[in-house]
Amino acid sequence: MQKNTYPSGILQYIPFFYVIWSDDLLTVSEINVVQKALEADESITTENQKTLISWLDTANPPANSELKNWKRTIAKTGVKLVESDTYPLATFSQKIVCKYYTECPFNDQLKHIEVNLGIQPNHYSHLFDVEVDYQSSLNYYKASEIDTILKGKHADLIDRFRSDLDHSIFKWDIHRNKEDFREVVLDQVKGLADKGYGATAYPATYGGAENMEGYAYMFENMMYVDGSLTIKFGVQFGLFGGSIQKLGTKKHHDKYLGEAGTASLLGCFAMTETGHGSNVRGIKTTATYNRATDTIVLHTPGKNDNKEYIGNALHSKMASVFAQLIVDGKNEGVHAILVPLRNEKHDLLPGIKVEDNGYKLGLNGVDNGKIWFDQVSVPRENLLNKYGDIKEDGTYHSEIKNPNKRFFTMLGTLVGGRICVARAGLGGAKFALAVAIKHALKRRQFNDSIKIQEDLLMDYSTHQLRLTPLVANAYVYHVALDKIMETYCDQSQPDKREVETQVAGLKSIITWYANSTIQECREACGGKGYLLENRIADLKGDVDIFTTFEGDNTVLLLLAAKGVLSDFKSEFNSAGFLAVLKILGIQISNKLTTINPVYSNKVDKDHLYNPKFHKHAFDYRTRRLTYTLAMRIREYIKKGMPSYQAFLKVQTHLVALGKAYSCELAYNFYCDFVDIIFDEKNRLLFQKLGTLHALHAIREDVEWYLEQGYIGGTKSKAIRQRVERLCTELRPHIKVLVDGFGIPEHCMSAPIAG
Ligand SMILES: Cc1cc2nc3c(=O)[nH]c(=O)nc-3n(C[C@H](O)[C@H](O)[C@H](O)COP(=O)(O)OP(=O)(O)OC[C@H]3O[C@@H](n4cnc5c(N)ncnc54)[C@H](O)[C@@H]3O)c2cc1C
């Protein structure tokens with residue numbers, strides 16, 4: 001029996017009071033729960049009851065010396081906290097009393113507090129200096145179940161794909177010579193094509209399964225092997241093959257699509273020029289129809305008009321070239337034309353020049369190059385003519401009369417590639433997170449003088465806060481990308497304008513997320529993260545450019561924001577634009593109700609964890625940014641400024657709207673998905689991840705919310721505390737959460753993650 005200064009009536013409550021005060025989260029409702037239990041507790045004396053109730057006074061909280069004394073009293077007992085107990089904290093308290101007193105019955109009032117406050121061992125286990133038996137929570141969730149939820153309907157394809165990556169050609173290695181690296185990557189691409197994966201998105205007639213959704217999912221998994229493989233695969237089957245599939249007609253499909261899918265016809269997608277990147281409409285390469293020879297002549301007119309950064313340029317036999325199509329002296333706008341580049345011996349054909357782009361920051365296994373055309377003739381049939389054709393009589397014809405609309409329709413068919421790039425970025429982030437977290441679960445640094453063993457990195461709250469929200473974001477973005485691809489592939493919705501806006505936004509926020517996550521993971525691994533063998537360094541170099549190709553992120557967000565405005569069916573340059581902005585302003589302002597001060601300072605857990613609050617916060621931000629943006633543009637236009645100039649004036653505002661819109665979209669997709677997870681245990685876990693993601697996102701833009709008066713200082717503080725607390729609560733499950741990404745063992749080559 002140990003010596004103790006507290007009577008047993010008080011002692012049994014001490015672990016509870018310690019949890020309540022050290023977590024600094026005492027709300028009115030929590031006080032009520034404890035006070036009611038104390039008042040109902042007939043086993044304690046009135047005097048003990050008075051003391052305990054006095055410890056609930058937030059205006060006069062227990063002194064720090066008192067808290068220290070509580071902690072010492074608990075630690076001295078050597079009692080172990082067993083998470084698997086039915087009421088772990090009440091049982092823990094009872095065991096402590098048993099160490100000091102011969103009589104120590106289980107107190108139902110303690111159980112009542114534990115249940116009603118909803119406190120879980122992972123809320124408080126880190127607070128006591130006692131041994132914790134984590135076993136129950138460590139094994140509570142199963143990585144395989146999480147992986148199954150994430151794979152959803154693609155499980156068969158993905159399982160097969162992952163297992164096919166278990167082959168010596170996919171073994172990760174360090175490559176310092178680009179020529180050798182490119183050969184390795186080419187072999188990998190061909191290896192996947194041999195197994196039928198290249199054609200996954202093509203129709204069955206051409207060796208495929210018309211499964212664009214599954215095709216996108218493979219990008220995430222290819223990143224576990226290597227970024228260069230992922231991108232070269234995307235160029236060959238998605239950009240080159242995809243342009244034939246989406247912009248060509250049956251004659252092109254019959255002739256080329258099967259061979260593109262098996263990689264027996266290697267091709268590239270030549271859109272960008274040295275002088276024109278984001279502004280595709282401004283490209284200068286010409287494709288002039290020659291009626292006499294019934295051919296189209298490709299030409300690079302001047303300096304900087306050559307194609308540049310073209311992936312697969314050195315290995316390709318053919319290019320899908322984007323050029324200004326000129327028929328009968330009239331420029332019909334940008335069209336794609338198939339142009340043979342090399343003969344069977346791989347020699348360049350007359351009039352074609354190709355130069356290697358040289359070493360890059362990353363993706364050195366991809367052969368990017370520059371291409372020039374000097375009056376290169378190809379048959380008229382080589383025009384990918386789904387949206388615009390040159391008829392046999394030599395006249396141009398298109399069902400889409402408006403050249404603007406035609407251009408955007410053509411480019412719109414290619415946005416599937418944008419989803420794949422985001423998917424690849426997400427794969428990079430997941431891989432880096434898995435490496436950093438597995439490392440943090442083994443690596444120990446520092447201890448206090450009492451402990452023999454140093455502490456795990458993952459047990460530092462800074463580490464938890466750095467990595468856990470990023471894991472939660474990976475889950476949300478995974479679901480958002482699944483959903484957007486499903487919508488994009490939905491044939492029952494032919495109007496893809498909204499999806500294009502959504503893809504533009506999601507691609508931007510997700511590839512930016514991927515880059516910042518990889519950097520955080522590098523730092524979280526310390527010096528080990530800098531070694532090539534641990535893979536994060538390569539990911540940094542490779543994923544970096546995902547923010548630029550398939551649409552530069554800033555340019556895409558500008559596009560997304562304009563898409564949000566044009567949801568109101570405006571034509572930006574039309575005469576009715578002012579009127580539309582006016583209507584837009586009125587409609588949105590009606591929904592922007594003034595925020596009630598009680599709401600802006602509401603801090604109870606039920607409110608802060610409620611998706612309704614998160615959705616409202618995101619919706620409010622999007623609407624307010626749309627409204628203020630519309631009003632600003634209106635003011636400029638009213639002053640006589642041309643709409644192009646007015647839009648330039650508000651570019652930063654547009655980008656803020658694009659981000660806000662995409663953030664809201666991703667979260668809404670995620671909530672819809674979580675609601676239908678059948679199994680309650682996993683549904684609650686996914687909900688918790690969603691809550692962390694949402695509160696963290698609000699936290700990241702907290703200045704804006706404070707500026708608007710949407711949240712007050714108290715609420716901002718409570719959100720910060722909740723984010724930290726959620727990270728702590730998820731700490732026991734962090735390994736399962738990254739294992740749930742399903743990264744195959746055979747791809748996880750980083751020694752620090754072993
Ligand atoms: C490794 C790699 C592989 C590639 N593969 C291919 C390929 O296979 N085929 C292909 O056709 N292309 C390819 N590209 C080209 C790629 O698509 C372009 O780099 C991209 O479109 C951006 O164009 P840019 O580099 O000319 O940048 P720019 O358009 O010059 O942009 C530079 C900066 O200016 C900003 N900016 C541009 N316009 C605006 C505006 N209106 N308002 C505000 N800011 C603006 C952008 O945000 C960006 O930060 C590849 C590029 C790389 C690096």
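Guide: Contact means that heavy atoms lie within 4.5 Å of each other. You are looking at a predicted model: local features need pLDDT of at least 70, side-chain atom pairs count only at pLDDT 80 or more, and totals for chains, interfaces and linings use all residues. Residues are numbered from 1 along each chain as its sequence is written, and side-chain values use heavy atoms, with hydrogens and water left out.

Visitor: Leaving aside its neighbours within four places in sequence, which residues is S508 in contact with?
Guide: Start with helix α19 (residues 497-524), where S508 has its place; helices (H or I, at least four residues) and strands (E, at least two) are DSSP runs numbered from the N terminus. S508 counts as buried because its relative accessibility is 0%; buried is under 20% relative accessible area, exposed over 50%, and partly exposed in between, using a 1.4 Å probe and protein chains only. Beyond the neighbours within four places in sequence, S508 is in contact with N553, L556 and L557.

Visitor: Which residue has its backbone oxygen 3.2 Å from a polar atom of the side chain of S508?
Guide: A polar contact is a pair of N or O atoms within 3.5 Å; within protein, one must be able to donate a hydrogen and the other to accept it, and residues adjacent in sequence count only if both atoms are side-chain atoms. At 3.2 Å from the side chain of S508, the backbone oxygen belongs to N553.

Visitor: By class, how many charged residues does the shell around the ligand have?
Guide: The ligand is surrounded by 17 residues, each with a heavy atom within 4 Å of it. Both β6 (307-311) and α21 (553-566) supply at least two residues of this shell. Ala, Val, Leu, Ile, Met, Phe, Trp, Tyr, Cys and Pro count as nonpolar, Asp, Glu, Lys and Arg as charged, and the others, Gly among them, as polar. The classes are eight nonpolar, eight polar and, for charged, one.

Visitor: How many aromatic pairs does the structure hold?
Guide: Rings of Phe, Tyr and Trp (its six-membered ring) pair if their centres lie within 6.5 Å; planes under 30 degrees apart are stacked, over 60 edge-to-face, and the rest tilted. By that count, the number of aromatic pairs is 29.

Visitor: What kind of pair do the rings of F17 and W55 make?
Guide: Their centres are 5.8 Å apart and their planes stand at 70°. F17 lies in helix α2 (residues 14-22) and W55 in the loop between α4 (46-54) and α5, 38 residues apart. F17 is buried at 0% relative accessibility, and W55 is buried at 10%. Because of the angle, the pair is edge-to-face.

Visitor: Which residues of helix α10 are buried?
Guide: Helix α10 spans residues 143-151. Cover for its buried residues includes α11 (155-164), α13 (212-222) and α18 (461-489). The buried ones are I146, D147, I149, L150 and K151.
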